[in-house]
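My notes follow the order in which I checked things.

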Amino acid sequence: MAFKKKDAAKNDLNTVPWLTKARPYLIMAPSLLITIGILIPFAMAIYYSFTSYTFRLPTYKFIGLKNWINMFKDQAFWHAVWVTIRYAFFATVVEMGLGLGIALLLGNTENKFTKFLRVVLTFPLMVAPAIATIIWQLMTNNAVGILEKFLNLFGIYNFPWAASHKTAMFTAVLIDTWVYCPFVIILILAGIQSLPKSPFESAKIDGGSAWFNFRNLTLPMIKPCIYIALLFRLMASLQEFSIIFALTKGGPGDTLMNLSVTAYNTGFAFQKFSASLPYILVLWVIVNIAAKQIVKKWQYSQKVASGRNVAEGGKS
Amino acid sequence: MAKIELVNITKRFGKFTALDNVNLEIKDNEFFVLFGPAGAGKTTLLNTVAGLVMPEEGVVKFNDEIMNKVDPSHRNVAMVFENYALYPNLTVYENIASPLRSPLYKKDDATIDKEVHRVAQILRIDHLLERLPSQLSNGQKQRVAIGRALVRNPNVFLMDEPIAHLDAKLRHHMRSELKEMQSSFNSTVIYVTHDFLEAVSLGDRIAIINEGKIIQVGTREEVYYTPCNEFVASLVGEPEINLVDGRLIADNGKYYVEVLQKGYMLPLPENSGIIKKLIDSGTTEYHIGFRPNNVKYTFEKKEGLLRGTVYSFESIGNKAVLIAKIGDQFLRMIAPNDLKVKLDQDVYVELPINRATFFNAQTTQFIGTSDEAAIYRLVQEQLSKGVQ
Amino acid sequence: MRRKRMINNAVKNGLLALYAIFALFPLFWMVLISFKSDAQMFNTTFFFDPTLENYEAVLLRTDYFKYFFDSVIVSVIAVLISVLAGVPAAYALARYDFKKKEDLAFTILSFRFAPEILVVLPLFMIYQKIGLYDTYFGLIWVYQLITMPLLIWVIRGYFEDISVEIEHAAMVDGYTWWQVFLKRLLPLIKPGLVSASLLAFIFAWNNFTFPLMLSGTKVETITVASLKYIASDTVHYGQMAVAATVSALPAVIFALLIQKHLVRGLSFGAVKG
């Protein structure tokens, strides 16, 4: 009756059927094909950044690192990096701060107003950033804009908004905040609403102050949400194109020329295609480094929030 | 209805061996219980029979036919899952009808309706047929899960701790319901549990499994009176069996065992088979098992009894467990609920040496039992079943 | 003590109201002036005689419907393809354990974070060469970068929420793997799938960079076309407002439908709403 192990191997009775083993790869195949197809341009970008390709001339030659060296020597590049970082910094800080504040206000009160608010404040997020820019341009228009009329009441006339290099950044960040702040609010609000009640109830019995509760109970447990919001907003604002392009195409002058818009101009407006690629590749590297840092912090905060401490070995 | 065989089954998950060279033969129409502690491999074994996992070594046979390459839908098994696994978006009616709507086991609507109602009536859930699983209590969900299995006419019913998540009263009720159904099942059943009472009350035969290995297979009497080692003896029996150190002493052709206190000797029944077994065992150091319900006690000093003190007294329902401390060992005994007893009170204990189980102290393996009546019953049982 | 709480509440509600105004007033005002005639544009603010002449001008006398239609085609088909290819992939990531699984999953996710410019500039060149420039197919394919990662990651979360025993039960009942997937699993993720699809649709609908650079005149989406209304006729503010209102409308309506699953979708499944 004993079935010899040797026989089993010969008869192949303990191997999973090929179809079952291959199934995960088979069903992932279509999605991979579709998305890999788009990876090709990326590979090409790296290649072409080493050539002198422009749209006008059909021929090009391999010029090695010349594009890259020229870029690093160009004042416009460093200016673009500076603008990129400034824009991302302001937009992210304002959105995170305002978003956190509003989310906390909404999370702690429960009435018809807050319920209504939670639904309608998603609307700005649903509007295309380019369209949002149009709306704000209309509102701030010196001739017919409602904001202009509002400022007139305080004796301010012809506020330049996007027309002056002093206020253009402010205007762009304002529009960015209007569109994306709800994103932060929704995420953090979800974190607040999923907080377990019991720690807060026992804290109430122990008699902690509101600040104490916030710092030691709320904050650690919603940190994962905060990091996710931070991750998405930082990534996006580093690469922001639509809002700036729709607003001033990078102007006035080069006030709002971040890496994305500069690359676009170099590539399309100036037709120096290959010269524009290093700009975007640098941007991509910046985005990736920042993303990795935040993802690490996010993963750690998840462990802390659920009580599984890394130091204890990870098992819950 | 089928005979199920597992031959040399080994199943590994990465470095962890869940089933280690398991060999089982389950007879046609047998109610077979798989009993063991949590993590022993019981669910993995069921999944192997069902075809939900592929063993690294060994084969599964239904009626002598190798089923390794057959996928679960074609094996014609019915399974009741520990967590019910009801389809959340279907009504109770549709959940139970589900197998009868599958392409493989399809029946026409009239038959489906008849079967679902028949099963629902047996399980007393016919008033719940239009509800969704989220609207049911645990006990009701469990009965729906059983119902989904009962509408089938499978090779084997696989039941994975189906009543583990019910409260004690409901579990007791379902145990007797299952016992009633068992006789009318007319099918092979493999029933998994970690509850000893369930195991002995339902099973024709019980397989004890621990850490992926089958320790012993036998009827409830066999595992109770002749457990193959101390692990099985401790597992089977409520309250747990008492295991005390003992030594064989020979004196003028008479044999005694010295237990618990130096010089306290219990005489082994003369000319009994156990003496020969003990001599043949090659050792004189034993762990001797006394079932709590056989241990006698009294509060009056009596000659020849062991003296100890009352350590604890705890009610377990309609009776109580009295624990006596003798030296540094403890003895569990059954006592009536209304017994007036004080802690640290003196108590005198009589160990029933003629109903004891003997284990090799070093290897923990079973040597023999002095319970001649039980041995006689077991032999009769085996003879009547035609086993040599 | 009660007075303190009342003041507290008043301040809270006041701050919330301020933000509400900030968030909603622009939309409200935009709709408002879309009904304002050019004549009354400069000298009135909130009170005027409403008129439909702007709507007439934009919708009937320009190609606005074509742009709207182009947006619909591209967005709907892009989401459809992402669903058909993405749902099985999401299942594979949720259930199976294969080599490099997490690496693959994060690669898919990183497509979402790639700078659009990074993809567009080289794509522009290639699309010209292989004739995909200014075509529906070309745009639909590149939109996969936006819609596919979202769908895969969010649906993966929904699959992970379903206990694997349900699949086992269905298999034992007599359903083969495909039947289990279609008949038992898909109905369970349907609400999540619908929400994720609508959110992906909104992102596709709102996209600006891709249609700007990868299509020209034959295919023109509404976001790009709306910019025309600013550049060309700076005097017809009412018409600009109409363009903005109509293009924002579908997204806002869909947003109302997916409130329940919005958090999951926006965070790609990282946060369970």
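This is a predicted model: local features need pLDDT of at least 70, side-chain atom pairs count only at pLDDT 80 or more; totals for chains, interfaces and linings use all residues.

**Chains A and C.** I looked up the contact between these chains and found 68 residues of chain C touching 68 residues of chain A. On the chain C side, I noted that helix α1 (residues 2-34) gives the most, with 12 residues. I then sorted that side of chain C by class: 54 residues are nonpolar, 12 polar and 2 charged.

**Domains of chain B.** I have domain 1 at 4-234 and domain 2 at 240-384. Their centres, taken over C-alpha atoms, are 37 Å apart. Domain 1 of chain B puts 12 residues into the contact and domain 2 of chain B puts in 16. On the domain 1 side, α7 (220-225) and α8 (230-235) of chain B each supply at least two residues. I recorded the largest share of that side for α8(B), at 4 residues. By class, the domain 1 side has 5 nonpolar, 4 polar and 3 charged residues.

**Helix α6 of chain C.** I checked the length of α6 (residues 116-130): at 1.5 Å a residue, its 15 residues should span 21 Å, and the end C-alpha atoms are 20 Å apart, which agrees. I found a kink of about 30° in α6(C), centred on L123(C). L123(C) is also among the buried residues of α6(C), which include P122(C) and Y127(C). The buried residues of α6(C) pack against α2 (18-48), α13 (259-269) and α14 (273-305) of chain A, and against α7 (136-161) and α10 (209-214) of chain C. After α6(C) comes G131(C), with a positive phi near 75°.

Technical notes. Residues are numbered from 1 along each chain as its sequence is written. Chains are lettered from A and ligands numbered from 1 in the order in which they are written. Two residues are in contact if their C-beta atoms, placed from the backbone, lie within 7 Å. Ala, Val, Leu, Ile, Met, Phe, Trp, Tyr, Cys and Pro count as nonpolar, Asp, Glu, Lys and Arg as charged, and the others, Gly among them, as polar. Domain bounds come from an automatic or database domain assignment. The expected span of a helix is 1.5 Å times one less than its number of residues. The bend at a residue is the angle between axes fitted to the seven residues ending there and the seven starting there. A residue is buried if 20 or more other C-beta atoms lie within 10 Å of its own, exposed if 12 or fewer, and partly exposed in between; C-beta atoms are placed from the backbone.
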